[in-house]
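I am keeping these notes as I look through the model, taking confidence, helix packing and the chain contact in turn.

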Amino acid sequence: MGELSKLARYRVTETLLEARDLACERDLRLLFAQLNFAVQPGELLQVLGPNGSGKTSLLRILAGLMPAAGGQVLLNGRAIETQRSELARQLLWLGHAPGIKGLLSAEENLGWLTALHEGASREQIWQALAAVGLRGFEDVPCHTLSAGQQRRVGLARLHLPGPKLWILDEPFTALDVQAVAALEQHLQQHCAHGGAVILTTHHPLALPADSYRRLDLTQGAAC
Amino acid sequence: MLRLCILLFKRETRLLFRRPMELANPLVFFALVISLFPLAIGPESRLLATIAPGVVWVAALLAVLLSLDGLFRSDYEDGSLEQWVLAPQPLSLLVLIKVLAHWLCSGLALVLLSPLLGLMLGLPERTLGVLLLSLLLGTPVLSLLGAVGAALTVGLKRGGLLLALLILPLYIPVLILGSGALQASLQGLPTAGYLWWLASLMVLAVSLAPLAIAAGLKISVAE
């Protein structure tokens with residue numbers, strides 16, 4: 001019995017983020033209910049579903065930006081409402097709008113955004129910008145960049161030291177083919193190093209089918 | 001933490017100075033409204049000096065309100081607010097610094113401009129010190145209270161008028177004390193009581209308003 005409970009505790013600590021009986025309601029419409037899934041370190045979870053099925057709402061609930069209509073989200077086995085600061089330390093959130101200021105340059109934007117977590121040196125920021133193909137655009141105001149380039153500035157955060165759990169809402173929007181492939185590679189590498197990724201996208205991932213899991217909101221079960 | 005506060009302060013002032021029109025507009029509004037009164041009432045300086053305390057304070061109140069409408073709007077639209085809400089640092093501290101930076105760039109300029117406009121309204125020189133001091137103590141309260149309203153209305157499409165309706169009633173104590181101080185000084189009465197009251201209101205606003213602003217922003221982001 002002792003062995004068993006030890007085993008159970010081990011499983012609980014192993015799970016990074018867990019959703020229990022999660023339900024979401026918007027404007028009196030139930031988007032999903034009784035949603036159960038867990039994300040372990042090293043896992044990539046793709047949330048699927050047609051427009052309006054509640055993908056973004058699910059991510060916002062998981063990040064603690066929005067209260068769930070029912071159920072709860074657990075981080076390391078404890079409800080996120082009771083440990084907001086712990087969640088904030090472990091979570092990197094990139095929403096539809098990635099928090100990039102048009103009036104600031106890419107370097108200034110990233111300098112501030114990384115300072116919220118671990119901080120990054122100037123060299124690290126330049127390297128991250130080079131990694132997303134923005135070498136030479138470090139000190140250009142972001143409003144002069146194209147939509148895809150602005151997206152890349154936001155994604156450069158993924159190349160800087162920071163939290164291990166990434167929640168990304170439509171990260172592939174406005175990216176070109178090479179950038180999509182590079183980002184997929186980078187996500188896979190992050191998972192290989194013990195990180196975890198939850199993302200929504202309509203675009204089918206070009207990764208081996210066994211290297212990530214899919215959660216279809218229309219079916220309500222992870223497969 | 002201090003390093004982060006300085007970084008945030010620099011970022012906010014940089015953002016404000018890269019859009020100087022938004023800083024200048026409330027100032028021009030303040031000067032214009034005040035200069036309308038001599039034109040409308042006529043240059044009889046006794047009458048102007050009698051109504052000057054009220055005129056200056058009402059104009060200052062409206063100018064501050066005007067400058068606050070867009071305080072959080074761009075942060076809301078570009079996703080910065082989500083990053084702030086999810087940051088490990090307390091949101092109330094971040095918004096306090098933001099409002100402080102905003103006040104230093106817009107409110108302080110208004111305070112410094114006021115003696116000139118006071119002279120235009122025929123205020124005697126001996127009252128200018130009180131005018132300056134009362135605005136110096138009062139405008140931070142106006143900024144902080146207005147930021148609470150701005151935080152609550154940021155998610156609405158046309159929040160400007162609602163902001164005025166929500167916040168103007170809360171401005172009444174500051175208006176009474178500020179114009180009261182000036183009125184007393186005009187009649188040669190002691191003003192210390194009014195100024196102490198204003199100072200205590202300021203301390204109260206600095207310590208409590210950030211909590212309300214943070215709560216308002218969390219509600220707006222959760223929508």
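**Entry 1: annotated spans in chain B**

I began with residues 47-72 of chain B, where the chain is 85% helix and 0% strand and the end C-alpha atoms are 40 Å apart. I then looked up residues 129-154 of chain B, a span that is 96% helix and 0% strand, with its end C-alpha atoms 36 Å apart. Both ranges come from the UniProt record, an unreviewed entry, which places the feature "transmembrane region" at residues 21-41, 47-72, 93-117, 129-154, 161-182 and 194-217 of chain B.

**Entry 2: confidence**

I note that this is a predicted model, and that it scores ipTM 0.86 and pTM 0.90. For chain B I find a mean pLDDT of 93, with 100% of its residues at 70 or more. For chain A the mean pLDDT is 87, and 92% of its residues reach 70 or more. Over residues 7-12 of chain A, pLDDT stays under 50, and for this stretch the model has one contact beyond four places in sequence. Where pLDDT is low, the predicted coordinates should not be read in detail.

**Entry 3: H2 and H6 of chain B**

I looked next at helix H2 (residues 20-41) of chain B and helix H6 (residues 91-120) of chain B, which pack at an angle of about 20 degrees with their axes 10 Å apart. Angles under 35 degrees count as roughly parallel, and H2(B) and H6(B) are therefore roughly parallel to each other. H2(B) passes H6(B) in a right-handed crossing. On the H2(B) side I listed residues of the contact including Leu23(B), Leu27(B), Phe30(B) and Ile34(B), and on the H6(B) side Cys105(B), Ala109(B), Leu113(B) and Met120(B) are among them. By class, the residues of this contact of H2(B) with H6(B) are 13 nonpolar, two polar and no charged.

**Entry 4: H8 of chain B and two of its partners**

I asked how helix H8 (residues 160-186) of chain B and helix H9 (residues 192-222) of chain B are arranged, and found that their axes come within 9 Å and cross at roughly 155 degrees. H8(B) and H9(B) are therefore roughly antiparallel to each other, and their crossing is left-handed. Among the residues that meet here are Pro173(B), Leu177(B) and Ala181(B) in H8(B), and Tyr194(B), Trp197(B) and Leu201(B) in H9(B).

The contact of H3(B) with H8(B) divides into eleven nonpolar, four polar and no charged residues.

**Entry 5: chain A against chain B**

How many residues does each chain give to the contact? I find 22 residues from chain A and 20 residues from chain B. On the side of chain A that touches chain B, the elements giving two or more residues are helix H3 (84-90), strand S6 (91-94) and helix H4 (106-115) of chain A. That side of chain A divides into 16 nonpolar, four polar and two charged residues.

Technical notes:
Residues are numbered from 1 along each chain as its sequence is written. Chains are lettered from A and ligands numbered from 1 in the order in which they are written. This is a predicted model: local features need pLDDT of at least 70, side-chain atom pairs count only at pLDDT 80 or more; totals for chains, interfaces and linings use all residues. Axes are lines fitted to C-alpha atoms, for helices over the stretch in contact, and angles run from 0 to 180 degrees between N-to-C directions. Helices (H or I, at least four residues) and strands (E, at least two) are DSSP runs, numbered from the N terminus. Angles under 35 degrees count as roughly parallel, over 145 as roughly antiparallel, 65 to 115 as roughly perpendicular and the rest as oblique. A crossing is left-handed if the near helix is turned anticlockwise from the far one by less than a right angle, and right-handed if clockwise. Two residues are in contact if their C-beta atoms, placed from the backbone, lie within 7 Å. Ala, Val, Leu, Ile, Met, Phe, Trp, Tyr, Cys and Pro count as nonpolar, Asp, Glu, Lys and Arg as charged, and the others, Gly among them, as polar. pLDDT is the predictor's confidence in each residue, from 0 to 100. UniProt positions are given in the numbering used here, feature names are shortened, and annotations may be inferred rather than shown by experiment.
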